[in-house]
Amino acid sequence: MDIKKAAKQGNKQLATMLAKQLIGVRKQMTRSRGISSKLVAVGAQTTAMQSNVGMAQAMSSATRTMASVNAQMTPADLQQTMQQFGMESAKMDMTEEIMTETLDDALGEESDEEQSEAIMNQVLDEIGIEVAGKMAAAPRAHASAFPKTKDADATKDLEAQLARLKAT
């Protein structure tokens, strides 16, 4: 604004001087922003370095702890402990299964198979199919209706050989 006033008044030297000051102020603001961003970056790097130092200290502590544990417990002992754990876990699973089955039996709860069969029967009844009734009415084949096969003769031969071996 002052530059415009000086130019309107015809004072070229004052207008030039004010323009140079404006350019200097703009450059200073740009440098200030650059320095500010550099300071933020330095702060971030400092934070990252502090995190790295903390991580290194934690890793050092963990390494000392692991060395202490390794000195106290041999791999063979650890393997034996893990095997015992596995065995006890298996026993616990079997006991849980037995207890669940016992409780289901005691409380009269139906098994999954019985529930599944009940649902299937209900569905079949709804659509008009009675499996049990139709199965009872289905014709049955008698053993005399089937001709004797070579397998029956082979079975008799094997039984005779077995009887002779037992007698010996």
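Select E88 and K91 in helix 3: the two are three residues apart, so about one helical turn separates them. Helices here are DSSP runs of H or I with at least four residues, strands are runs of E with at least two, and both are numbered from the N terminus. E88 forms a salt bridge with K91, and the closest N and O atoms are 3.7 Å apart. A salt bridge means a side-chain nitrogen of Lys or Arg within 4 Å of a carboxyl oxygen of Asp or Glu. Side chains of opposite charge can pair when their charged atoms come close. The structure holds one salt bridge.

This is a predicted model, in which local features need pLDDT of at least 70 and side-chain atom pairs count only at pLDDT 80 or more, while totals for chains, interfaces and linings use all residues. Residues are numbered from 1 along each chain as its sequence is written, and side-chain values use heavy atoms, with hydrogens and water left out.

Keep the pair selected and look at its cover. E88 is partly exposed at 48% relative accessibility, and K91 is partly exposed at 43%. Buried means under 20% relative accessible area, exposed means over 50%, and partly exposed lies in between (1.4 Å probe, protein chains only).

Next, select V69, M73, L78, M82 and F85. Together they make a nonpolar surface patch of about 490 Å². Patch residues have over 30% relative accessible area and no salt bridge; nonpolar side chains (Val, Leu, Ile, Met, Phe, Trp, Tyr) are joined within 5 Å, and like charges within 9 Å. Areas come from the Shrake-Rupley method with a 1.4 Å probe, and for residues only the protein chains shown count as cover. Helix 3 gives the largest share of the nonpolar patch, three residues. L78 is found in helix 3 and is partly exposed, with a relative accessible area of 44%.

Now select D93, E96, E97, E101, D105, E113, E114 and E117, which form a negative surface patch. Helix 3 (75-107) and helix 4 (112-126) each give two or more residues to the negative patch. Asp and Glu count as negative, Lys and Arg as positive, and His and the chain ends are not counted. Each charge is placed at CG of Asp, CD of Glu, NZ of Lys or CZ of Arg. The largest share of the negative patch, five residues, comes from helix 3. E114 is found in helix 4 and is partly exposed at 45% relative accessible area.

Finally, show the whole protein chain. It has six helices and zero strands. Buried residues make up 2% of its 168 residues. Colour by pLDDT, the predictor's confidence in each residue, from 0 to 100. The average is 82, and 83% of the residues score at least 70. Among the elements, helix 2 (residues 12-72) has the highest mean pLDDT (92) and helix 5 (residues 131-137) the lowest (59).
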